[in-house]
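Here is a walk through how the chains of this model sit against each other. Have the structure open as you read.

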Amino acid sequence: MSAAELIHGAAVELDQPLFSVHDLTRLYGPEKGCQGVSFDLYPGEVLGIVGESGSGKSTLLSLLSGRCAPDRGQVSYRGKDGAMLDLYAASEAQRRTLLRTEWGFVEQNPRDGLRMGVSAGANIGERLMAQGVRHYGQLRAAGIDWLQQVEIDPMRIDDLPRTFSGGMQQRLQIARNLVSSPRLVFMDEPTGGLDVSVQARLLDLLRGLVRDLDLAVVIVTHDLAVARLLADRLMVMRRSHVVEAGLTDQILDDPQHPYSQLLVSSVLQP
Amino acid sequence: MNGLNPNAASQAAGALESGYNFAYLDEQTKRMIRRGLLKAVAVPGYQVPFGGREMPLPYGWGTGGMQLSAAILGADDVLKVIDQGADDTTNAVSIRRFFARTAGVATTTRTPEATVIQTRHRIPETPLHGEQILVFQVPIPEPLRFIEPSETETRTMHALGDYGVMHVKLYEDIATFGHIATSYAYPVTVDERYVMDPSPIPKFDNPKLHMSPALMLFGAGREKRLYAVPPFTEVVSLDFADHPFAVQRWEENCAFCGSHDSYLDELIVDDAGSKRFVCSDTDYCMQRREPFEPQQEVGQ
Amino acid sequence: MYVAVKGGERAIDNAHLLLAKMRRGDTSIPELTVEQVRQQMPLAVARVMSEGSLYDSELAALAIKQAAGDLMEAIFLLRAYRTTLPRFGSSLPLDTTQMLLSRRISATFKDLPGGQLLGPTFDYTHRLLDFALLAEGEHPGPQVDATAQLESCPRVLDLLAAEGLLARERPSAAEVPDMTREPLDFPTSRAQRLQALARGDEGFLLALGYSTQRGYGRNHPFAGEIRIGEVEVWIEPEELGFAVPLGDIEITECEMVNQFVGGKGIEPQFTRGYGLAFGYAERKAMGMALVDRSLRAGEYAEEVEGPAQQEEFVLMHCDNVEAAGFVSHLKLPHYVDFQSELELIRKLRKQAEAPMQAAAQENRA
């Protein structure tokens with residue numbers, strides 16, 4: 001294979017979506033849940049899903065991450081090896097492996113995403129151990145490195161997460177997810193439970209990490225400021241439907257759908 | 001018979017119980033257990049659910065081990081039963097007496113002479129040979145239980161080989177204490193596949209599981225699970241490359257036989273708290289002291 | 001002294017003799033007969049039969065006598081005996097509408113076909129010690145109307161079901177599972193759950209049922225109907241091809257009516273929790289019915305928030321023979337494991353002391 005072919009191959013790879021969603025639907029009742037959602041996500045791209053509570057954002061996120069099965073629709077993911085994986089046809093083993101290697105999931109409440117009974121270092125090291133790292137020294141080094149990356153004092157490596165503030169817990173959860181160098185991370189209102197000043201710092205950190213690591217992200221938020229800061233593209237959800245989708249700036253500066261207009265006008269512009 | 005073995009006389013006097021099938025369990029139940037055992041041997045370290053029966057001993061007192069022993073005992077077998085390494089602890093006496101009565105099999109305290117050894121918490125110091133079967137009594141067969149209480153979830157974790165969390169516990173030990181702080185029921189990987197609880201034997205005994213010529217069977221009566229390590233199977237204790245698995249060592253020697261490489265029990269011998277250390281394996285200790293005296297006893 | 005710390009056969013034999021002596025008590029007092037226990041402690045006998053899973057009042061009374069009144073021990077004795085018995089089939093479903101009732105109450109309807117029948121009950125007794133019982137004497141029953149006729153007594157919940165207000169229970173043609181032959185496999189079927197609960201510890205089920213009333217998985221129960229009486233057991237032997245009656249057994253049946261707001265495509269309606277026990281065992285049947293309903297949380301897509309709704313938790317811990325065995329095994333020697341822990345603690349302490357001693361020496365230097 002020539003160098004030109006290699007480069008060409010890599011370019012093709014970037015051209016192709018990492019994550020492809022078609023007609024995803026799961027309803028609990030009329031207009032409860034989500035329906036008819038389709039989109040493509042490319043490597044390194046951040047997609048924001050916005051809408052008020054009950055609009056179906058969280059259901060969609062659970063479906064996308066394979067935590068629950070849809071009534072209909074498909075999700076496919078292009079793995080590191082280049083092969084396409086049909087998420088719902090995949091085995092439970094494949095999904096679990098994905099969720100602890102190439103994917104990450106940042107919960108709104110860090111308590112749901114952390115192992116509260118073990119130290120910060122063990123929290124960060126867990127994914128590596130699941131992947132077969134059997135060297136304590138290496139786990140330790142990774143723990144210290146990632147604590148620094150998420151701006152937590154490495155001296156706290158042996159402390160339990162419950163001794164951490166809410167913002168620190170959320171940063172620890174992010175480190176725990178990113179240690180395995182995932183390519184796609186799902187985030188459910190990651191700044192939801194935090195004070196405004198803490199939120200700003202976390203957003204700053206997240207933005208830096210997403211750029212540096214070239215992460216693809218699907219982030220659910222009701223906070224348009226968060227969406228503006230992090231997302232390249234937005235989907236606006238209302239009563240289980242996507243009512244508008246497009247580039248973030250476009251939607252926030254020139255919303256077309258009446259609901260998007262309402263949503264944008266109800267928030268103070270930055 | 002000799003004075004050093006207080007059980008010998010009454011053991012011989014135990015009459016064979018009538019009105020029960022050979023070794024207590026009915027043949028159908030034994031066949032069901034044997035089928036489970038075959039599966040267990042075929043899938044080393046995998047916990048096979050079985051229709052455990054109520055035994056006339058309480059759950060937790062060795063009913064799992066007894067059911068396996070009952071299923072494999074034949075009339076020609078020579079049975080040894082130990083608890084904490086000793087043949088003369090109350091529960092070992094009680095279980096040995098049970099089989100002497102219900103099966104009329106010969107019993108022994110000498111490890112090399114036994115064909116079936118039922119044990120609680122120890123593996124004999126004397127190396128086992130290929131003609132022997134070791135039957136372990138198991139209280140909690142699930143090595144993941146204290147991390148994940150749900151059976152549905154732990155079975156999935158085994159099926160998917162999702163064992164990272166086992167090392168989280170070891171990591172935490174080292175971070176907190178500088179050592180892996182699990183000293184008994186130390187988890188092992190069997191045949192590079194299943195993580196298994198070796199029953200609450202001290203980790204001192206774990207290396208004896210590895211490539212053992214004897215078949216090892218594990219029975220948990222209350223939890224209704226059985227599992228096995230077939231002869232010459234690889235059994236590796238979980239550890240880290242830079243914190244390798246290591247067994248306990250004593251600074252003292254056995255006060256009776258002078259052994260410095262067997263597992264020692266600590267005795268407090270006076271009100272001032274003075275201590276003596278003696279072998280936990282009573283037969284091993286006896287053999288070292290009187291290597292030439294024959295000790296076989298007969299149950300009927 | 002080494003041997004002295006261990007037990008032995010003689011110790012066991014002596015323990016048995018001492019136990020026999022304790023059970024017999026003062027030999028100048030006449031010995032209790034099994035028939036006396038059977039006749040005069042029917043509620044203890046009922047509990048031992050239910051949780052021992054064997055309907056034989058004489059053997060249950062014998063077990064109570066042999067266990068010196070320790071009911072859990074008696075249950076264990078009966079279970080250990082039961083396990084040796086051959087199994088020759090399962091009965092047809094009991095038709096409790098055809099019960100010969102000694103008690104029947106409903107808390108949901110003031111009057112109903114067949115009426116309310118208070119029957120023998122501790123309810124409405126004032127719990128005052130009756131010193132008259134210290135003396136022996138005759139205790140005649142009430143007057144009986146010899147001309148009274150049996151009335152038909154349809155089940156209360158069937159009346160609700162006929163109106164469509166109660167979730168229908170579908171009869172299952174599947175073979176009856178036997179949890180004493182096949183270990184429970186989660187998630188379990190309702191038949192397996194009911195079997196486990198029927199054998200389950202009365203106190204445990206009572207406490208769990210109580211916890212649902214206090215808000216840990218609340219499901220708004222009403223005692224729809226409790227009926228106690230004799231019911232005929234029928235069996236259909238394969239070689240015969242038709243059913244024959246085996247005899248009568250006394251049972252207590254409890255059906256709880258529980259509110260259900262509907263959802264997930266199901267209309268609002270009442271749901272049912274079911275309890276059944278051998279003999280006169282109202283508390284057991286009620287506890288069981290509450291827990292049966294709370295374990296149906298999954299079926300009705302309810303949030304699982306209380307311990308009584310967690311199938312594995314309830315079913316794996318409700319058996320008192322298993323629980324008593326495993327708790328009591330703590331009395332067995334654990335020298336070896338304890339030695340391991342001793343060694344570990346000493347090692348860790350030595351390690352912690354070493355830097356402190358080093359520091360102390362440095363200070364002195």
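Which residue of chain B does R100(A) meet in a salt bridge? The partner is D162(B), with 2.5 Å from N to O between the two side chains. (A salt bridge here is a side-chain nitrogen of Lys or Arg within 4 Å of a carboxyl oxygen of Asp or Glu.)

## Ground rules

This is a predicted model, so local features need pLDDT of at least 70 and side-chain atom pairs count only at pLDDT 80 or more, while totals for chains, interfaces and linings use all residues. Residues are numbered from 1 along each chain as its sequence is written, chains are lettered from A and ligands numbered from 1 in the order in which they are written, and side-chain values use heavy atoms, with hydrogens and water left out.

## Who touches whom

Two pairs of chains are in contact (heavy atoms within 4.5 Å), and chains B and C share the most contacts. Chain A and chain C, on the other hand, do not touch, though their nearest C-alpha atoms are 7 Å apart.

## Chain B against chain A

The size of an interface is often given as the accessible area lost when the parts come together. For chains B and A that comes to about 1,700 Å², with carbon and sulfur atoms giving 62%. (Buried area is the accessible area, with a 1.4 Å probe, that two parts lose on being put together, summed over both.) On the chain B side, L160(B), V168(B) and Y171(B) lose the most area to chain A, together 35% of what that side buries.

Three salt bridges are counted between chain B and chain A, along with 11 residue pairs in polar contact, both residues at pLDDT 80 or more. (Ala, Val, Leu, Ile, Met, Phe, Trp, Tyr, Cys and Pro count as nonpolar, Asp, Glu, Lys and Arg as charged, and the others, Gly among them, as polar.)

## Chain C against chain B

This contact takes 47 residues from chain C and 70 from chain B. Together the two chains bury about 4,800 Å², 56% of it on carbon and sulfur atoms. Six salt bridges are counted between them. One salt bridge joins the side chains of D13(C) and R97(B), at 3.0 Å from N to O.

The polar count between chain C and chain B is 26 residue pairs, both at pLDDT 80 or more. Elements giving two or more residues to the chain C side include α1 (9-24), α10 (311-317) and α12 (335-364). Of the elements in chain C, α12(C) gives the most, with 14 residues. That side of chain C has 18 nonpolar, 13 polar and 16 charged residues.

## Inside chain C

Chain C is divided into domain 1 (9-82) and domain 2 (96-118 + 151-324), with bounds from an automatic or database domain assignment. Their centres, taken over C-alpha atoms, are 29 Å apart. In this contact, 14 residues of domain 1 meet 18 of domain 2, and the two domains bury about 1,300 Å², 55% of it from carbon and sulfur atoms. Two salt bridges cross this interface, and so do eight residue pairs in polar contact, both at pLDDT 80 or more. On the domain 1 side, α3 (42-52) and α5 (71-82) of chain C each supply at least two residues. The largest share, six residues, comes from α3(C).

R47(C) forms a salt bridge with D201(C), the closest N and O atoms being 2.9 Å apart. R47(C) also turns up among the contacts of E202(C), which, leaving aside neighbours within four places in sequence, touches E51(C), R283(C) and K284(C) as well. E202(C) lies in helix α8 (residues 202-213) of chain C, and a polar contact of 2.5 Å joins its side chain to that of R283(C). Is E202(C) buried or exposed? E202(C) counts as buried because its relative accessible area is 12%. (Buried means under 20% relative accessible area, exposed over 50%, partly exposed in between, with a 1.4 Å probe and protein chains only.)

Terms used: Polar contact = N/O pair within 3.5 Å; in protein donor to acceptor, adjacent residues only side chain to side chain. Helix = DSSP H or I, 4+ residues; strand = E, 2+ residues; numbered from the N terminus.
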